[in-house]
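Reader: Please take me through the salt bridges in this model. Keep it brisk, and say which parts of the chain they join.

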Amino acid sequence: MSQQYDAIIIGSGSNGLAAAIHLQQKGLKTAIFEQASSPGGSTRTEEVTLPGFKHDIGSAILPMGVASPFFRTLPLDEHGLEWIYPDIPYAHPFDDGTALACFQDIDRTAAQLYKDENSYKKLFKPIVEKWPQLEYNLLGPLSFPDHPVELLKFGLKALPSAKMLVNHYFKEDKSKVFFYGSAAHSTLPLNTIASASFGLVLTTMAHKFGWPFPKGGAGKFIEALLSYYKSMGGEIFLNKKVEDVNELPKAKAYLFDVTPEQLLKIKGTEFPSLYRKRMGNYNYGAGVFKIDWALSKPIPFTNEKCRKAGTIHLGFTKKEMEESEDSVHNNRATDTPYVLIAQHSVFDNTRAPDGKHTAWAYCHVENGSTKDFTKQIEDQIERAAPGFKGCILAKSTMNTHQLEVFNPNIIGGDINGGKQDITQLFTRPIAKISPYSTPNPSIYICSSSTPPGGGVHGMSGFNAAKKVISDHFNDLKQK
Ligand SMILES: Cc1cc2nc3c(=O)[nH]c(=O)nc-3n(C[C@H](O)[C@H](O)[C@H](O)COP(=O)(O)OP(=O)(O)OC[C@H]3O[C@@H](n4cnc5c(N)ncnc54)[C@H](O)[C@@H]3O)c2cc1C
């Protein structure tokens, strides 16, 4: 077969699309092969409960979509993308009816924290201010830092566990629980080294960019990326599961938006046994149990801050949060899990029929778990929003197996393409100067199993595409 493309991308998740767009922008001829009947991977919107109720099956709140140094350069508004910014990025309620809100304004956020007001400012102000100097190093593979002093200062805060960080900075239990809410996105136990980094980065996003989501559903983000890609001549083929590289048209580079377990099953890669062995040792993280609801009215949160927030973190005490995230890794399912909720329809009336609402939530579970956590999640929501269960018109639930059927990259329910602990944070899938390349010079990996890991930021795809350009198309101008 003669060469028909410069590069072929396997998988149309946000990283696959980012890679394809960057290569196409450089004037290369590219195509995407996607196994599903719709593009987007874990970023798709579907009516899974009742007609007219639009649910984000996977990713729902996309701060990194606006903050991404690559995505923010793209003219996505010209391709139909509209961002919606909830009044409050995220909130965290307590059993006594109070709540803490992460406002975009740091001072306003800190002012709620009593004795911890100054510590909060001391923790976040320098990171938010210096973010432009940090972002490329934090959103790429390990490399010599552009701003070593700033990175060192960030590292001193980010390397400890979330537990160590809150005990060092905060006196009030509520401040500690509030920080845990964003640190627990790591899906790591809160006493794990570097679990603090997730809380720092995600809260920095909230202060610097907000925690927005696309009007009409997360799938609209993918539609805009795809529309831009196609406007430059890019091609996509759906329902094309790639099982053998030799089935694909000839190209100089093949970029796989898949995780190591899947890449090792692809035939024709001719990987040496040592690489196979190292990739075979890659670790997957905890899974999630996901629920989407169609509601007769918004979630009746007791506290107004929660009613005005796009995202709500549930976990009512420090002990409850710590035990919840610990239990996931120790095969001890808890009845009071940490729950993440998104309530798009409160701010976006295109998500549900007139006067009706949607809600999205998940909790962390053991990888591969088939246990149904509906009761535990709904009970947690009732604590902050009495009467919630009475608003439910319909629901759709997905355990880890069902999520993996929805998208084969969600191995055992792991939504981040692999465990994000210190051993795999910057050196995923294996420790290597360029984690995007493989021993086969034409095969690359561009998924969230490469740095910077999970999230809709496209930086894994962008970084992999840059590596492809420097390896095969060096005459093209590098950014
Ligand atoms: C329930 C859930 C909630 C989440 N919430 C958020 C959130 O709110 N905010 C956020 O930023 N992130 C969130 N995430 C994480 C985010 O969605 C992922 O990190 C992101 O989608 C990773 O993008 P990707 O391109 O690496 O892979 P994916 O999105 O997984 O895309 C991979 C693509 O490759 C395709 N593919 C796989 N194998 C083959 C093959 N052999 N042949 C052809 N195609 C193949 C798949 O079908 C898929 O389309 C969430 C994820 C889930 C599941």
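Author: Start with Arg383, which is partly exposed at a relative accessible area of 30%. Here buried means under 20% relative accessible area, exposed over 50%, and partly exposed in between (1.4 Å probe, protein chains only). This is a predicted model, where local features need pLDDT of at least 70, side-chain atom pairs count only at pLDDT 80 or more, and totals for chains, interfaces and linings use all residues. Residues are numbered from 1 along each chain as its sequence is written, and side-chain values use heavy atoms, without hydrogens and water.

A salt bridge is a side-chain nitrogen of Lys or Arg within 4 Å of a carboxyl oxygen of Asp or Glu. By this rule there are 23 salt bridges.

Arg383 pairs with Asp95, with the closest N and O atoms 2.7 Å apart. Arg383 sits in helix H14 (residues 374–384) and Asp95 in the loop between strands S6 (88–93) and S7 (99–102), so the bridge ties together parts 288 residues apart in sequence. Helices (H or I, at least four residues) and strands (E, at least two) are DSSP runs, numbered from the N terminus. Asp95 is partly exposed, at 48%.

Lys174 and Asp96 also form a salt bridge, 2.7 Å from N to O. Lys174 is in helix H7 (residues 173–183) and Asp96 in the loop between S6 and S7, so this pair links parts 78 residues apart in sequence. Lys174 is partly exposed at 31%. Asp96 is exposed at 52%.

Glu223 and Lys220 bridge at 3.6 Å, N to O. Both lie in helix H9 (residues 219–231), 3 residues apart, about one turn of the helix. Elsewhere, salt bridges with shared partners join Asp107, Glu117, Lys121 and Lys125 into one network.
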